Amino acid sequence: MDNLLFTGEFIRSVERFRLRAGASSGVRHAEQKARSAGTCLEFRDFRTYMLGDDVRRVDWNVFIRTGRLLTRRYDATRELPLHILLDSSDSMYFEEPPRADAARRVAAAFAVIGLNQGDRPAIYPFGRDLISPLKTIAGKNALPQMLASLSSLRAAGATNMVRSLQRFGALPLRKGVAVIVSDFFDPAGAPAVIEALRFVRHRLVLIQLTRRSDAGPPTHGDWRLLDCENGRAVNVAMTENAVQRYRRAYDAFNTSLAAYAARRRAVLFRIDADGDVLTQLSRLFVDGVLSL
Amino acid sequence: MNMTFTALSAWQVALIAAGAIAALALLHLLRRPVQELRVVTTLFWAQIVEPQRARTLLGRFRELPAFVILAITCVLLAAGLAHPEWTSNAAAVSKVIVVDLSPSMDARQSDGSTRLDLVRKTLEAEVEALTADDAVAVVVANPAPRLLLGFDQPRALLHAEFDFLHAGPYPAAIHDAVFMTRSLLHERPNPEIVLITDRRTPEPRTPDHSRVCDQFRTVYVGQTVPNASILSAIYEPNPKSPSEGQIVFRMALAGNESVKARLRVHQADQDERLLDEEILIEPNATVDLHTAALRADGRKLEVDLDVTDGLAVDNHMLFMLPSTPIIRVAATEPLPVAIEMALRSDPAVELTTDMGACNVRINPPSSWSGPAIALRDAATEPIQESLGVTRALDLLADLTFDGTVSTTVADVQSTQGEVPLIHSAGRVLASLTKDKTSPVLVLDSALWSQPPYLHRRADWAVFIARTVRHLAGIETTPATLAPSDIVRDPMWACEREHISANITPSDREMLDLAVPEDAGRMIAATPGRVASLGLSEWVLLFALAGMLADLLLYNRGRIA
């Protein structure tokens, strides 16, 4: 199972993480609690026996003690629809090492978590547009295929997150959790991205891939900065004032994203693409659990 | 309208502009290369920076609009420094400026400057108003007209002449100066005459100056202020004693209110006051003051008129007393030429017709008791023998009449009271008698009407001069004036520091006096261009605007 991106140790480490998303609308039995009571082994509560109830569910101990006929109710657990939107735009593959590596590790981690929980995670790469998802069958046997698919992902064109999110939102998917792994650097700007996130009707987990260089541009001298995706040039005389204004703009971008996440009650977590993904994910999964 | 560059030629301006543009082009070509960098996103840079704007100083030359603005600014700066001026398309003007430099130009204004200062400023303004194509000449009158700057001389010479402009001692011959311009303006295009003067009212019989030139303009300078001055100073000999007389000073005031003044007369280099008197001069009136009797000894006197309030011009003079007495010889009838010529040859003699103020009379009536000359028209008997002179008096000492008269001394029979002087064959032709209390010179007409025609000899004038002085009692011992002494007499010295003793009443009117026709209005010099901007200033302002625009664009483009 070892490859350059996903080592065995990495996989084994993330397997202990759990993702709890409240009542699930999944149809298959998994570890997530269903909204309706089912025949799972997990006791839920008592209710008065009604004609037609299964007599095997009558709690005779309670009858002996109280003379009342009560039946046991058990929680039904369902699978968690886990949708992982993976930014595969050109900018994610531009640097060295590319942010796409960290992004794929994060996507893989959530996919492993989902598979371990009996969920069937799907990975939706996007770039210029939403790409066909990498869907998995249930169970751990699906993991190698998924990891292989992730490893083979390539740059999918210039970022158009707005279109990708809109298209994703239009898909007839059961409500679940959408994990968006991206740097969120859409040329349309943060307001457009935030507006497009409204189309995603799932529980949101926003994983923002960052780098130290994002907040610290080169200083001194005249620069012609070329966008790696569209080649757009900006001539800049790098002065102290210029750098400060840039940082203010960058901070404002992050602040707007955070504010939206707070309003949406979504999780926003920043991962340094240069750092260890597993270590950072450990901070997200407190005591191994991420509860949404 | 054409544009000319007075500081630089058009070629120089073009050269400067080309050099400036070449320098800018070099900066443009040598612009610092920009470092390129591919980044993950230009999202944030694009938010705060407009694309394609240069930021650094050298980078601005990279931008074509900035380069163009700077190039235009450099051209405007070069043009502005070249001092451009609009020139008229009209034909060039030939202007003659006539400057009145009469004594009143030394009058001081209320701000301490003189009218001459105003004249200089007006002259400068008139010359500065000319274009490069116009021609100018300057004529000054102080008092005689004189060409200060000719049409063919460079204008820069005029500034050197300014230091030599000064008010003359006599009234300026303005209309002579104006008429002098006719020759200057002969066949010149667009002639124009400008007269700079302080004289508001023209002299009597002043011709119409506009007949000299159609374009005639007068610029008046000077404040009209109250002015007290000495009009005249006349030495009047004492009829009783020609060797002394008194000086009569006449003062006048031009103004609306009376002023107090003090007249002081003292001998030059001495403090002794010969006259020190305070007077009150009424507007448009005169006051006469006279000194005590002063001997005619040629002394120089200083005369000052100090005015308590107001300004004063012509208030200081030097007066030289006559060095010889003035003997007024009066005659009611025409004199024989021999007598008249002899009398006129003596500078101490003044022939007059005023019987009341003379010292010696010729052929006086019987009521006359003073010295006299009696001309006897005796019988026309020819003189047969040679003439002789007596030495009874020194009047004929050393006179030989060129050998015509013998120098023998002979006794001549004379009547009582008669001193014979010239005789012939016992006949007395010239004698000195005492008629009543004063001596009388009796002359026989044979002395000048018959040969040997003594009157044609220079000794004749000497004889008459000595005798007249003796008659007037000037010298008890008559001065032995030799013929050559007559022409060397200091009375004939040309010292012009005093008013001539022979001044007549009509001369007084010609003396300069500030005439306050309309008191209180000062005619300022031609206003300058302080309040208005010339073309060069406008060009420089536009260049400055270009620099400011470039600076604004630069600052707006900064990220700061």
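Is C358(B) buried or exposed? I looked this up to open my notebook, and C358(B) turns out to be buried, with a relative accessible area of 6%. Buried means under 20% relative accessible area, exposed means over 50%, and partly exposed is in between, with a 1.4 Å probe and protein chains only.

**Ground rules.** This is a predicted model, where local features need pLDDT of at least 70 and side-chain atom pairs count only at pLDDT 80 or more, while totals for chains, interfaces and linings use all residues. Residues are numbered from 1 along each chain as its sequence is written, chains are lettered from A and ligands numbered from 1 in the order in which they are written, and side-chain values use heavy atoms, without hydrogens and water.

**A sheet across two chains.** Next I followed an open, mixed sheet of 3 strands in the order β11(A)-β10(A)-β2(B). Strands here are DSSP runs (E, at least two residues) and helices are too (H or I, at least four), numbered from the N terminus; two strands pair if DSSP finds at least two bridges between them. β11 (233–237) of chain A and β2 (35–39) of chain B stand at the edges with a single partner strand each, so one side of each has no neighbour in the sheet. β10 (residues 222–227) of chain A pairs with β11(A) in the antiparallel sense over 5 bridges. There I found D222(A) opposite A237(A). V236(A), also in β11 of chain A, is buried at 2%. V236(A) and D222(A) are 14 residues apart in sequence, yet 5.8 Å apart in space, C-alpha to C-alpha.

**Rings.** I then turned to aromatic pairs (rings of Phe, Tyr and Trp, its six-membered ring, with centres within 6.5 Å; planes under 30 degrees apart are stacked, over 60 edge-to-face, the rest tilted). F17(A) and F285(A) are stacked, because their centres are 4.7 Å apart and their planes at 5°. Both sit in loops, so the pair ties together parts that are 268 residues apart in sequence. F17(A) is buried at 1%, and F285(A) is buried at 2%. W460(B) and F463(B) form a tilted pair, 5.9 Å centre to centre with 50° between the planes. They are 3 residues apart in helix α10 (residues 458–472) of chain B, about one helical turn.
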